[in-house]
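Have the model open as you read.

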Amino acid sequence: MFIGITFWVLAVVAVGAGALVFVVDSMARATYALAVSFLAVGVQILLLQQSYLGVITILMMVMEMAVMAVFMVMFMGMNPALMPMDMTHGKKTAIGVSVGVFVLLAGGALLIPWPTRRGVH
Amino acid sequence: MPEETVVVVPAVWAVLAAFILFGLAFFAVALDAVLSARAQGGSGGWSAPLSGTARLLRQRRRKTVAADVLLWRVGGAGMFMGAFLMVAVIPLGQWTLFDLDVGIVWFNAVDIAVWALVWLMGWGANSTHSLVGGYRFLAHGMAYELPLMFALVAPAIAAGSLAVGDIAAAQEGLWFVVWMPVAFLVFLIGVTGFSVWGPFASALSSDIAGGVRAELSAVDRLVFEAGRYMFLAAGAAFSVPLFLGGGSGPWLPGWAWVLIKTVAVLAVLVWLRRKIPLARPDRFMEIGWVILLPAAVAQDLVVSLVVLWEG
């Protein structure tokens, strides 16, 4: 029960924060919305009782987002990265690719013949 | 102590852990103020934590134009809460709040969060000086973090475990600090690094008008400063189970020894602030990656060989 509720809350946070990346108008908010999404995924992994993988996912992703803040200013030049801006570009290609990848991954998850669970009676 | 198995205490005891952490932070603030007063030929300063807290609580909050208030507050509050997460896995004698099998990685993840938090504070104020401070911290972070990660590997290899309680228990007879002094030193450098303390305080230095805390006032400044001191205390406390034998020691019970050792390490870190010059982020990068990182890796190699030798 508790695990079920936690799973769904985290799932909604992960997807919602992931979507926010493209909604917000600030580089910093987009970066850390992505960090929140990864944080939720990391806790999901902890729910699977994979402590090392879960904690290391959180560690790596937070570090990565902090480093991304360095690169975004380095590559974009000081001004554009600091100003409010649209987080989407090349929209048609991007939407096409994302829908394609989603269908592929979701299809894979649904169609693959999963092995039956062992060790539990 | 042969019965050095870690006992998980009920979550209510987290309140006591929080008070211990507050106490250690108070001690660090007071000691720093006393040393400052002495350096200027004066005396006193023990009341600094209380008077400073009272002053900041009565101060009016400063506002800046077009600040990203959400990210700014997340940074400050995160600094305040992060230190609690860090002490959750430290065993006090044989008691612990959270007996995590990957306690070392947990510690590492929390100290990485400081990267994000300090930068967010620098970003949030929408002030040039703050942002420059935030980037200075990230530059320091790159320099101290990798050596710190490799320093954390050494006790884990020697104990054959990532759990903090197991590492403390593995030091019966010989403390890890004795045969892995380089890792201990690099660890302490890392602790001062993620506490934005001493040589790593260039993100807050006066040449950029206070840097990350340039626009911080009132309770926001209080939680950030308290967070820094609590991180320093938590880092000092973490060095005890990692390198200083945990709760082992004569006569006194384990919890008392953990506290005594923590206070000693914390006092040294506070005292050193006046003895070591500020490290320029670009110069320290070279020290971090050319000297400290190979030294920490060499230390890991020595520890691995010893562990292999002893079978």
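**From the core to the loops**

A:Val62 touches A:Ala35, B:Ile112, B:Ala113 and B:Ala116, leaving aside residues up to four places away in sequence. Contact here means C-beta atoms, placed from the backbone, within 7 Å. The model is predicted: local features need pLDDT of at least 70, side-chain atom pairs count only at pLDDT 80 or more, and totals for chains, interfaces and linings use all residues. Residues are numbered from 1 along each chain as its sequence is written, while chains are lettered from A and ligands numbered from 1 in the order in which they are written.

A:Val62 and B:Ala233 touch the most other members of the largest nonpolar core, which has 124 residues. Such a core is a set of buried Ala, Val, Leu, Ile, Met, Phe, Trp, Tyr and Cys residues joined through C-beta atoms within 7 Å. Buried means 20 or more other C-beta atoms within 10 Å of the residue's own, exposed means 12 or fewer, and partly exposed lies in between, with C-beta atoms placed from the backbone. Helix 4 (residues 103-124) of chain B gives the most to this core, with 17 residues. Helices are DSSP runs of H or I, at least four residues, numbered from the N terminus.

Now the interface. Contacts join 18 residues of chain B to 17 residues of chain A. On the chain B side, helix 4 and helix 5 each supply at least two residues. Helix 4 of chain B gives the most, with 11 residues. That side divides into 15 nonpolar, 1 polar and 2 charged residues. Nonpolar covers Ala, Val, Leu, Ile, Met, Phe, Trp, Tyr, Cys and Pro; charged covers Asp, Glu, Lys and Arg; the others, Gly among them, are polar.

Turn to helix 11 (residues 281-310) of chain B. Its 30 residues should span 44 Å at 1.5 Å a residue, and the end C-alpha atoms are 41 Å apart, which agrees. The expected span is 1.5 Å times one less than the number of residues. Helix 11 of chain B bends by about 35° at B:Gly288. B:Gly288 is also buried, as are B:Phe284 and B:Leu292, among others in this helix. The buried residues pack against helix 5 (128-159) and helix 8 (181-194) of chain B.

Two loop residues remain. B:Ala66 has a positive phi of about 55° although it is not a glycine. B:Ala66 sits in the loop between helix 2 (48-58) and helix 3 (69-87) of chain B. B:Asn126, also not a glycine, has a positive phi of about 55°. B:Asn126 lies in the loop between helix 4 and helix 5 of chain B.

Methods: Contact = placed C-beta atoms within 7 Å. Bend = angle between axes of the 7 residues up to and from the residue.
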